[in-house]
Amino acid sequence: MTHTFDALVVGAGFAGAVAARELAERGGKRVLVLERRPHVGGNAYDCQDEAGVLIHQYGPHIFHTNNPRVFEYLSRFTQWRDYQHRVIANLPDGKGGRMTFPVPFNLTSLETAYGPERGRALGGKLMDRYGAETKVTILDLRQSGDEEIRQVADYVYEHVFVHYTMKQWGQTPEEIDPNTTARVPVFLSRDDRYFQDAYQGMPLEGYTALFDRMLDHPNITVELGQDALKRLGLSGGTIRVDGEPFSGPVIYTGQADELFAFRFGPLPYRTLDFRFETLPQDDFQGYGTVNYTVDEDFTRITEFKHLTGQRKPGVTTIVREYSRAYTGAPEETPYYAILNPANNAQYSRYQAEAEQYPNLHLLGRLAEYKYYNMDAIVARALELADQLI
């Protein structure tokens, strides 16, 4: 048997799709893409639900970047809807009601939390000390000699960070990495956008249409519903595909531990449960994302019409997100690597195994056991393609 392709890509998310397009187009290689799911797009996949609302099946994905190469590259495959993401925190006000304020915590948040007069005074004090339009970390605020400024740091820690993080990562306050806490910012601005990146937006026709165009190339063959691990064999430094040795580049974007049959034990992840609900109303919460930072079992509610700009009167779809430990059950998706020294050391053993195969390239969140924003993994895939071509 002679292989009918020159390169193999496992996974059709951002990592795999960008790499496949580059190898096919710039490298002139015949690329086979194997995707376990019945669709392209990875976790960025979007589709219409039964009510005709365009939803993100695996949670909200908002594109933002400061990297012109990434923006220009993706712009080949989509037009953009101008969208500036705004997130609010929804939490008890301590008086039997609820209050909302922008996240990251900013000057407007300060006035909501402390009242207009005291909030303005505190904001003025902070700007005098640190400068307007700056982001100051909790650590910096806690090191202040001013008691009021230290109290602002404590307020943000308690009302924005610690309970939300406990839900997201399943940790107690004592287990939360102090270095992470120290980086939590207070934004001394009235700019209430969640991101300040130069390029922000949503694919005008959705992410799936973007992926369809990216993978539409005569040198690319995509096979959906294919478990690549049933067709891959790794032993003695040689990769076999469908039983035959394969010397071309193999770009693998799945779990590194699964690739090597969990021989060093499963790597820990957090997974998410999504509970979608379609409601007979135009608008549910007024924002794309509302974080529940103190109470409730879920971390946030996303309302998709705000993200996509879809006009569909009389109906809206929301999703609540619940974070929990990943068990490896078939219906679960590993979303977030749990990064700590022990887990990183465990991953390094898998990485060392992969390095025994010169034509194997681990790429992406799961394969590299790290967190990537969408723009960062596009940049990483482009860099890998640069090296291979």
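Predicted model: local features only at pLDDT ≥ 70, side-chain atom pairs only at ≥ 80, totals over all residues.
**Entry 1**

I then looked at how rings pair up in general. A pair of aromatic rings is described by the distance of the centres and the angle of the planes. The count of aromatic pairs here comes to 24.

**Entry 2: a pair across the sequence**

Next I picked Phe-105 and Tyr-155, which form a tilted aromatic pair with 6.0 Å from centre to centre and 55 degrees between the planes. Where do Phe-105 and Tyr-155 lie? I found Phe-105 in the loop between β8 (98-103) and α3 (107-114), and Tyr-155 in helix α6 (residues 147-169), so the pair ties together parts that are 50 residues apart in sequence. Phe-105 is buried, and Tyr-155 is buried too.

Back to my tyrosines: Tyr-335 and Tyr-336 form a tilted pair as well, at 6.5 Å centre to centre and 45 degrees between the planes.

**Entry 3: charges over rings**

I also checked for charged ends over rings. Lys-135 has its charged end over the ring of Phe-187, 5.0 Å from the ring centre. For Arg-142, the charged end sits over the ring of Tyr-157, 4.9 Å from the centre.

**Entry 4: Glu-332**

Is Glu-332 buried or exposed? Its relative accessibility is 10%, and buried means under 20%, so Glu-332 counts as buried. I located Glu-332 in the loop between β20 (316-325) and β21 (336-337). What does its side chain meet? A polar atom of the Glu-332 side chain lies 2.7 Å from the backbone nitrogen of Thr-327, and the backbone nitrogen of Gly-328 is 3.1 Å from a polar atom of that side chain. Leaving aside residues up to four places away in sequence, I listed Thr-271, Arg-324, Ala-325, Tyr-326 and Thr-327 as residues that Glu-332 touches.

**Entry 5: helix α13**

Last, I tested the length of helix α13 (residues 374-388). Its 15 residues, at 1.5 Å each, should span 21 Å, and the end C-alpha atoms are 21 Å apart, so the two agree.

I then asked which residues of α13 are buried. They are Met-374, Asp-375, Ile-377, Val-378, Ala-379, Ala-381, Leu-382, Leu-384 and Ala-385. I traced what these buried residues pack against: α1 (14-25), β5 (63-65), α2 (68-74), α8 (207-214), β16 (250-252) and β22 (360-362).

Key:
Residues numbered from 1 in each chain as written. Heavy atoms only, no water. Helix = DSSP H or I, 4+ residues; strand = E, 2+ residues; numbered from the N terminus. Buried < 20%, exposed > 50% of the residue type's maximum accessible area, 1.4 Å probe, protein only. Polar contact = N/O pair within 3.5 Å; in protein donor to acceptor, adjacent residues only side chain to side chain. Contact = heavy atoms within 4.5 Å. Expected span 1.5 Å × (residues − 1). Phe/Tyr/Trp six-rings, centres within 6.5 Å; stacked < 30°, edge-to-face > 60°. Lys NZ or Arg CZ within 6 Å of the ring centre and 35° of its normal.
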